[in-house]
Amino acid sequence: MAALDVNGIRCSYNGKPVLDNLSLRVAENEIMCLLGASGCGKTTLLKAVAGLLPVTEGEIFIHGHRVNGDDVAVVPELRNIGMIFQDYALFPHMNVASNVAFGLQNKERDKALIRSRVEEALELVNLAELGDRYPHQLSGGQQQRVAIARALICRPRLMLLDEPFSNIDTQVRMRLIGEIRGLLKDQGISAIFVTHSKEEAFAFSDRLALFRAGHIEQVGRPQTLYQHPESRFVADFLGLANYVPATVLDSRTLMTAMGPIASQAAIQAEPGTPGQLLLRPRQIQLSLAEQGNGRVLEQQFLGAHTRCLVECQGLRLEVSINEPLPAVSQVSVGVAPHALTFFPDNRQGQRAVA
Ligand SMILES: Nc1ncnc2c1ncn2[C@@H]1O[C@H](COP(=O)(O)OP(=O)(O)OP(=O)(O)O)[C@@H](O)[C@H]1O
């Protein structure tokens with residue numbers, strides 16, 4: 001059974017539609033990321049799932065139970081959902097333990113039980129020692145952990161996180177993301193996580209849904225979307241993309257200005273079809289060669305890798321290499337063996353075929 005099933009929902013604000021016939025399924029113990037530009041409807045979907053916004057059409061099931069509709073309208077507090085927001089929303093006048101206990105106090109009267117559940121939740125987020133502190137005495141990362149402990153104390157089976165890491169500085173962010181991901185996995189909690197940042201989406205999610213103006217453009221594993229986007233919109237959103245004009249030679253080969261390029265998977269287009277080959281900066285290989293077909297125009301050493309702008313047969317290619325090359329280099333430009341992604345020119349919306 002899925003943790004969440006959203007079937008063809010529509011939501012609007014003041015009569016203006018924001019989500020249009022949107023469907024999404026989240027499996028048990030899966031972390032799904034909603035990624036997309038500002039205003040495309042990510043938070044609106046979270047609100048609809050949480051029951052904070054009416055759904056005008058469609059169905060929402062949480063762990064198999066329908067939660068919306070004329071005859072069933074499950075209120076937010078009965079949906080067994082934990083929610084975490086960007087601004088942590090901690091009460092400044094309450095210490096950490098009281099902030100964490102807050103979620104449970106409406107549901108539970110046994111004070112000893114509440115105390116032990118607070119301890120358990122604080123231990124899970126590595127804050128066991130800080131129960132007496134107040135929010136202003138904590139770092140951003142620690143405040144976010146308190147917010148997570150407060151959501152965990154009610155033992156939700158589905159967690160909704162709306163840009164939970166955007167106020168955390170970059171040094172701490174990736175570590176916190178790894179920790180929270182591990183925690184959700186250990187506790188068997190499914191999650192939906194909203195972000196603008198593709199790095200966060202890649203690091204945190206099992207699958208990601210890329211939004212575009214109220215609908216989902218593509219959903220799948222982060223690596224699949226990055227390496228095999230179904231549209232140029234997805235390709236461009238997820239990172240730097242080179243497009244090399246190409247023509248299908250046969251089901252395994254494209255002809256380009258750089259010569260024939262072999263694909264490790266079949267290309268689903270007729271021989272002779274013109275289009276664009278997608279090459280990520282890491283999929284292009286350079287080797288120093290005096291008679292090479294390329295020339296390095298620009299280089300930027302960026303620490304973990306070097307960005308290189310290369311001119312090759314009239315094309316300008318963004319390439320990512322480990323170490324900088326000697327200045328004014330002539331290079332031979334090749335393509336790392338992989339299953340090529342090809343966008344035929346005549347397809348509507350430039351859908352990919354391989
Ligand atoms: N309460 C509201 N009343 C009217 N319009 C709203 C309201 N909340 C959101 N909207 C509009 O609905 C659209 C979707 O908003 P939503 O908050 O879901 O986007 P988002 O993808 O989460 O954006 P962001 O990444 O900036 O948070 C936007 O055009 C927004 O202006």
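Because the model is predicted, local features need pLDDT of at least 70 and side-chain atom pairs count only at pLDDT 80 or more, while totals for chains, interfaces and linings use all residues. Residue numbers start from 1 along each chain as its sequence is written.

**View 1. The two domains of the protein chain.** Let us start with the overall layout. The chain is divided into domain 1 (4-230) and domain 2 (240-350), with bounds that come from an automatic or database domain assignment. Taken over C-alpha atoms, the centres of domain 1 and domain 2 are separated by 39 Å.

**View 2. The residues around the ligand.** Here you can find Tyr13, Asn14, Val18, Gly36, Ser38, Gly39, Cys40, Gly41, Lys42, Thr43, Thr44 and His196. A residue is near a molecule if its C-beta atom, placed from the backbone, lies within 6 Å of it. Helix H1 (residues 42-50) gives the largest share of this shell, three residues. Helices (H or I, at least four residues) and strands (E, at least two) are DSSP runs, numbered from the N terminus. Sorted by class, the shell has three nonpolar, eight polar and one charged residues. Ala, Val, Leu, Ile, Met, Phe, Trp, Tyr, Cys and Pro count as nonpolar, Asp, Glu, Lys and Arg as charged, and the others, Gly among them, as polar.

**View 3. The largest nonpolar core.** This core has 95 residues, and Val100 and Ala149 have the most contacts inside it. Its largest share, six residues, comes from helix H4 (residues 140-152). Domain 1 (4-230) and domain 2 (240-350) both give residues to this core, so it lies between them. A nonpolar core joins buried Ala, Val, Leu, Ile, Met, Phe, Trp, Tyr and Cys residues through C-beta atoms within 7 Å; buried means that 20 or more other C-beta atoms lie within 10 Å of a residue's own, with C-beta atoms placed from the backbone. Leaving aside neighbours within four places in sequence, Ala149 is in contact (C-beta atoms within 7 Å) with Val100, Ala121, Leu122, Leu124, Val125 and Leu127.

**View 4. An open sheet of four strands.** Follow the order E2-E1-E4-E5, where the pairing is antiparallel. Strands pair if DSSP finds at least two bridges between them. Strand E2 (16-26) and strand E5 (65-66) are the edge strands, each pairing on one side only. Seven bridges link strand E1 (residues 4-13) with E2, and Val6 stands opposite Leu24 in E2.

**View 5. Strand E19 and its partners.** Strand E15 (residues 284-288) runs antiparallel to strand E19 (residues 330-335), joined by five bridges; Gln285 has Gly334 as its bridge partner. Strand E16 (residues 294-301) is also antiparallel to E19, with two bridges, and Arg295 is partnered by Gln330.

Conventions. A residue is buried if 20 or more other C-beta atoms lie within 10 Å of its own, exposed if 12 or fewer, and partly exposed in between; C-beta atoms are placed from the backbone. Two residues are in contact if their C-beta atoms, placed from the backbone, lie within 7 Å.
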